[in-house]
Amino acid sequence: QVQVAESGGGLVQVGGSLRLSCAASGSIFGIDAMGWYRQAPGKQRELVAVIGRGGSTNYGDSVKGRFTISRDNAKNLVYLQMNSLKPEDTAVYYCYADHRDYVGSVTPYWGQGTQVTVSS
């Protein structure tokens, strides 16, 4: 089992910055990719950013150039630096961690989510 917990959400003005943190604990030996999704009211959950254990990254089109994902493998932490925030970035942000077991099966574990609200 892996537990995932986010922190750092809140209220920020348009154009501002915010940094989200996510900590994985429990069976951390098999943690592989970690990342962030978000879900706004009435919309589907969408990819924000993902980072592999080796540091490779992938971003959703709407955040490219504004958000940066990073991780600390030693501490099983992942960060999401969000700059130039827009009202459309308002959503609940969910962190996940993929756990790969000894036979190679991958299971995603999700956090409870943290609210980010961008006010105009």
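The model is predicted: local features need pLDDT of at least 70, side-chain atom pairs count only at pLDDT 80 or more, and totals for chains, interfaces and linings use all residues. Residues are numbered from 1 along each chain as its sequence is written, and side-chain values use heavy atoms, with hydrogens and water left out.

Start with the fold. The protein chain has 11 strands and 0 helices. Both come from DSSP runs numbered from the N terminus: helices are H or I with at least four residues, strands are E with at least two. Along the sequence the pattern reads β-β-β-β-β-β-β-β-β-β-β. The radius of gyration is 14 Å, close to the 14 Å that the globule rule gives for 120 residues, so the protein chain is as compact as a globular protein of that length. That radius is taken over C-alpha atoms, and the globule rule is 2.2 Å times the number of residues to the power 0.38. The C-alpha trace spans about 50 × 25 × 20 Å along its principal axes.

Next, burial and contacts. Of the 120 residues in the protein chain, 42% are buried. Buried means under 20% relative accessible area, exposed means over 50%, and partly exposed lies in between, with a 1.4 Å probe and protein chains only. Take the contacts between residues at least 6 apart in sequence: 54% of them join residues at least 24 apart. A contact here means heavy atoms within 4.5 Å.

Where is the disulfide? Cys22 and Cys95 form it, with their sulfur atoms 2.0 Å apart. The rule asks for a pair of cysteine sulfur atoms within 2.5 Å, and the count comes to 1 disulfide. The pair links distant parts of the chain: Cys22 sits in strand 3 (residues 18–26) and Cys95 in strand 9 (residues 91–100), 73 residues apart. The torsion about the S-S bond is about -85°, so the disulfide is left-handed. Cys22 has 0% relative accessibility and therefore counts as buried. Cys95 is also at 0%, so Cys95 counts as buried.

Look around Cys22. Leaving aside neighbours within four places in sequence, its contacts include Val4, Met34, Trp36, Leu77 and Cys95. Gly35 is 13 residues from Cys22 in sequence, and their C-alpha atoms are 8.9 Å apart.

Now the core. Which residues have the most contacts inside the largest nonpolar core? They are Trp36, Leu80, Met82 and Tyr93, in a core of 29 residues. Such a core is a set of buried Ala, Val, Leu, Ile, Met, Phe, Trp, Tyr and Cys residues joined through side-chain atoms within 4.5 Å. Several strands each supply at least two residues of this core, among them strand 1 (2–7), strand 5 (46–51), strand 8 (77–82) and strand 11 (114–119).

Then the aromatic rings. A pair of aromatic rings is described by the distance of the centres and the angle of the planes. Rings of Phe, Tyr and Trp (its six-membered ring) pair if their centres lie within 6.5 Å; planes under 30 degrees apart count as stacked, over 60 as edge-to-face and the rest as tilted. The count comes to 3 aromatic pairs. Tyr37 and Trp110 have ring centres 5.6 Å apart and planes at 70°, so this pair is edge-to-face. Tyr37 lies in strand 4 and Trp110 in strand 10 (residues 106–110), so the pair ties together parts that are 73 residues apart in sequence. Tyr37 is partly exposed, at 25% relative accessibility. Trp110 is partly exposed too, at 35%.

Trp110 also pairs with Tyr96: the centres are 5.2 Å apart and the planes at 40°, so this pair is tilted. Tyr96 is in strand 9 and Trp110 in strand 10, 14 residues apart. Tyr96 is buried, at 8% relative accessibility. Tyr37, Tyr96 and Trp110 form one aromatic cluster.

Arg45 comes in here. Its charged end sits over the ring of Trp110, 4.9 Å from the centre. Arg45 also lies over the face of Tyr94, at 3.9 Å from the ring centre. The rule needs NZ of Lys or CZ of Arg within 6 Å of the ring centre and within 35 degrees of the ring normal.

Finish at a loop. Ile28 lies between strand 3 and strand 4. Ile28 is partly exposed, at 32% relative accessibility. Ile28 and Arg100 are 72 residues apart in sequence, yet 9.7 Å apart in space, C-alpha to C-alpha.
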